[in-house]
Amino acid sequence: MTPEQYVQEKAAASGSSFYYAFLFLPAPRRAAITAFYAFCREVDDVVDDMVDAGVAATKLAWWRNEVQQSFKGSPTHPVMKALMPHAATYTIEAQHLLAVIDGCQMDLEQTRYLDYPGLQRYCHLVAGVVGEVAARIFGQTDPRTTEYAHRLGLAFQLTNIIRDVGEDAMLGRIYLPVSELQQFDVKAHEILKRQYSDRFTALMRFQAERAHRLYDEAFALLPDADRRAQKPGLMMASIYRTLLREIEHENFQVLHQRIRLTPLRKFWLAWKVQALGRM
C-alpha cells in the first residue's frame, strides 16, 4: 500500500463530514487535505483508543519526533510521507502539526475545563489550527481568511462537543465548562449517569446558541476574494450546522446516543454548496 492509498483509506474510513467536502477539490489539493486529515485522525486516535495514559503519551511523543524529523526531510510514517510533498506548496509548517498534537496531549491531562476561555484554547489547538491549514490548502489568498478559519473551526468543535456529550461522558470527560454547569445548576454526576433534565436542556441550548453565533461570525469574516476558494469549508459548515439543528430538533437527546446525518444527506448538502452556492 502506498502512502497515498493509506491516507485515502484513513480518511474514507472515518466517515467524517470533512470527507464529503474533499470530493469536490482538484486532485492536488484533495491529496494534500486528505493527507493532513489523516494525520489529524492518527493523532486523535492515540487518545480515543487509549487504554493506558502512559502508552498514549509515549505515542504522542513519537509523533512529535516524527513531525520534526519529517520537516528535516526524513519522514517514516505513511501519513507524513503522503503529507510532506505538499507542505511547501500550501505553507504547512511543523508548528501547525505540533499544535494539533498539543491539543491531543490536553485530552490526556485534562477531563474538565473551568471556563469557556480555557475550552477555547483547547478548541483552537484541535480545530482552529486545523481550519487554518485547511484554508491554506483550499487556496487562501487573503490573510483575513485565517481568522475566519479559526472561528469556523471553533464552531465545528463546539458542535462536536454538543453531539458527543454522552460518548465523552463514558470516557470520563466533560468538555462543557464547569462555570456553565454551575450557571445552569447541572451536576457533573448527572451527565456521567446520563440523566436528562430541563436544566440540562437549557445548558445545551446555551451551547448551541453560542455555536450558531460563531458560524455567523465566521461567515461575516470570510473575505469576498476567498469565498470561492473556501467552498469546501462552507460545505463542511453546511453539514455541521445542519447536524446542530438536527440535535436541537431532537431536544438535545445526546446523552444516550450520537445523533448523525446520513452519508447521502451529507453529500447532498456538500453538493448544494458546490453547485448552487446555497447552504
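**A walk through the helices and salt bridges**

Let's start with one side chain: Arg151 has 22% relative accessibility, so it counts as partly exposed. Keep in mind that the model is predicted. Arg151 makes a salt bridge with Glu147, and the closest N and O atoms of the two are 2.8 Å apart. Both residues sit in helix H8 (residues 145-163), and because they are four residues apart, about one helical turn separates them. Glu147 is also partly exposed, with a relative accessible area of 36%.

Now step back to the whole protein. It has 15 helices and zero strands. Its radius of gyration is 18 Å, close to the 19 Å from the globule rule for 279 residues, so the protein is as compact as a globular protein of that length. The C-alpha trace spans about 55 × 50 × 30 Å along the principal axes. Among the 279 residues, 54% count as buried. Of the contacts with a separation of 6 or more, 72% involve residues 24 or more positions apart. The protein exposes about 12700 Å², with carbon and sulfur atoms supplying 52% of that area.

Back to the charged pairs, where the count comes to 19 salt bridges. In helix H13 (residues 224-227), Arg227 and Asp224 are three residues apart, which means that about one helical turn lies between them. Their closest N and O atoms are 3.8 Å apart in a salt bridge.

Another salt bridge links Glu246 with Arg265, the closest N and O atoms being 3.3 Å apart. Glu246 belongs to helix H14 (residues 231-249) and Arg265 to helix H15, so this pair ties together parts that are 19 residues apart in sequence. Glu246 is partly exposed at 21%, and Arg265 is partly exposed at 35%. Elsewhere, salt bridges with shared partners join Lys10, Arg41, Glu42, Asp44 and Asp45 into one network.

Helix H15 (residues 263-276) also holds Leu276, which counts as partly exposed at 43% relative accessibility.

Finally, look at Arg205 in helix H12 (residues 198-221). Arg205 is partly exposed, at 38% relative accessibility. Leaving aside residues up to four places away in sequence, Arg205 touches Asn251 and Phe252. The C-alpha atom of Arg205 is 28 Å from that of Val100, a residue 105 positions away along the chain.

Notes. Residues numbered from 1 in each chain as written. Predicted model: local features only at pLDDT ≥ 70, side-chain atom pairs only at ≥ 80, totals over all residues. Heavy atoms only, no water. Helix = DSSP H or I, 4+ residues; strand = E, 2+ residues; numbered from the N terminus. Buried < 20%, exposed > 50% of the residue type's maximum accessible area, 1.4 Å probe, protein only. Rg over C-alpha atoms; globule rule 2.2 N^0.38 Å. Contact = heavy atoms within 4.5 Å. Areas by Shrake-Rupley, 256 points an atom, 1.4 Å probe, with all protein chains shown as cover. Salt bridge = Lys/Arg side-chain N within 4 Å of Asp/Glu carboxyl O.
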